[in-house]
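Open the model in your viewer and keep the selection tool at hand. The tour goes stop by stop.

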Amino acid sequence: MDSDSPARIPRHIAIVMDGNGRWAQRRLLPRKLGHREGQKAVRAAVEHCRQRGVEALTLFAFSSENWSRPDDEVGALMQLFVKALDSEVDDLDKNGVRLTFVGDLDRFDGELSARMRAAMARTERNTALRLNVAVNYGGRWDIAQAARALAGAVARGEAKVEDIDEAALGRHICLTDQPPVDLFIRTGGEVRVSNFLLWQIAYAELYFTDALWPDFDAAAIDAAIDAYARRERRFGLTSAQLRVAG
Ligand code: IPE
Ligand code: IPE
Ligand code: MG
């Protein structure tokens, strides 16, 4: 099977875009310039994934823990989000990208969350690529909000306690309407998940690279996809069983 055959292209890629601050610091620049440079890498990743036929791309842009960074860095990131919404949504829409923000949007100031919701509504009917941007997102928050939704259904008499199983919880977890995450990438050299998707990566292939996010280009994405294509995903079975199943 060549590496471009559809079975070898991950349907859903999730990326922890880490290393912006270090990219800037190595150049003796303020960290916020690293975040700005990171935006270019986002643009390239979206375009390249769309061209390679990836169906969904989920990017970790701001974690629930990142609020604890110095005020000026949080402020710079918020400004960057506002600017990016202004400058990118036209192109995304033109290219058929459907943009979804995942995370607790209510923590953002009213204007920013309204813009996020407007961008989602505007691109809702696009089908070329699902682009999910995780902001004020935490994997534990995601599981907790799903549990809360189910508990609400039970309290209203719409579901029974016995109905609560993996499938029921999974229906309330973010990204449930999209293919499962096949490939989880983290740039920046750290080998950890940092409270990004937890439930969703149960069977994802993990790929870690030292490349800092602003340096992560189309060739680097191809290298990750190639590594994915060489993996044998057994889902608990044996290699022999997989060969029989073909
Ligand atoms: C990731 O880059 C972007 C955000 C967390 C918003 P970092 O800002 O964490 O960059 P490093 O890890 O300090 O280099
Ligand atoms: C994870 O990176 C969050 C994002 C990339 C948005 P962090 O830089 O915040 O993670 P830690 O602190 O290294 O775990
Ligand atoms: Mg970091």
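For the class counts on this tour, Ala, Val, Leu, Ile, Met, Phe, Trp, Tyr, Cys and Pro are nonpolar, Asp, Glu, Lys and Arg are charged, and the others, Gly among them, are polar. Bear in mind that this is a predicted model.

**Stop 1: the second largest pocket.** Select Pro-180, Val-181, Trp-199, Gln-200 and Ile-201, which lie nearest the centre of this pocket. Its lining has 20 residues. By class, twelve are nonpolar, five polar and three charged. The volume is about 370 Å³.

**Stop 2: the largest pocket.** This pocket has a volume of about 960 Å³. Select Met-17, Val-42, Phe-60, Ala-61 and Phe-81: of the 46 lining residues, these are the closest to the centre. Now colour by element. Helices α1 (20-25), α2 (31-52) and α3 (71-94) each supply at least two lining residues, and so does each of the strands β2 (56-63), β3 and β4 (129-137). The lining is made up of 23 nonpolar, ten polar and 13 charged residues.

**Stop 3: Thr-100.** Go to strand β3, residues 97-102, and pick Thr-100. Is this residue buried or exposed? Thr-100 counts as buried because its relative accessibility is 15%, and the cut-off for buried is under 20%. Show side chains next. The side chain of Thr-100 makes a polar contact of 3.2 Å with that of Arg-130. Beyond its neighbours within four places in sequence, Thr-100 is also in contact with Met-120, Leu-131, Asn-132 and Val-133.

**Stop 4: the nonpolar cores.** The largest core holds 44 residues. Select Ile-13, Ile-15, Leu-57, Phe-101, Leu-131 and Val-135, which touch the most other members. Helix α3 gives the largest share of this core, seven residues. A second, separate core has 14 residues, including Val-16, Tyr-137, Val-181 and Phe-184. Back in the largest core, zoom in on Ile-13.

**Stop 5: Arg-186.** Finish in strand β5, residues 183-186, with Arg-186. Arg-186 is buried, at a relative accessible area of 4%.

Terms used. Residues are numbered from 1 along each chain as its sequence is written. Chains are lettered from A and ligands numbered from 1 in the order in which they are written. This is a predicted model: local features need pLDDT of at least 70, side-chain atom pairs count only at pLDDT 80 or more; totals for chains, interfaces and linings use all residues. Side-chain values use heavy atoms; hydrogens and water are left out. Helices (H or I, at least four residues) and strands (E, at least two) are DSSP runs, numbered from the N terminus. Buried means under 20% relative accessible area, exposed over 50%, partly exposed in between (1.4 Å probe, protein chains only). A polar contact is a pair of N or O atoms within 3.5 Å; within protein, one must be able to donate a hydrogen and the other to accept it, and residues adjacent in sequence count only if both atoms are side-chain atoms. Contact means heavy atoms within 4.5 Å. On a 1 Å grid over the protein atoms alone, a cavity is a set of points where a 1.4 Å probe fits but cannot get out, and a pocket is an open set with protein on both sides within 12 Å along at least five of seven lines; lining residues have an atom within 4 Å of a point. Grid points are joined across faces, edges and corners, and a volume is the space filled by probe spheres set on the points. A nonpolar core is a set of buried Ala, Val, Leu, Ile, Met, Phe, Trp, Tyr and Cys residues joined through side-chain atoms within 4.5 Å.
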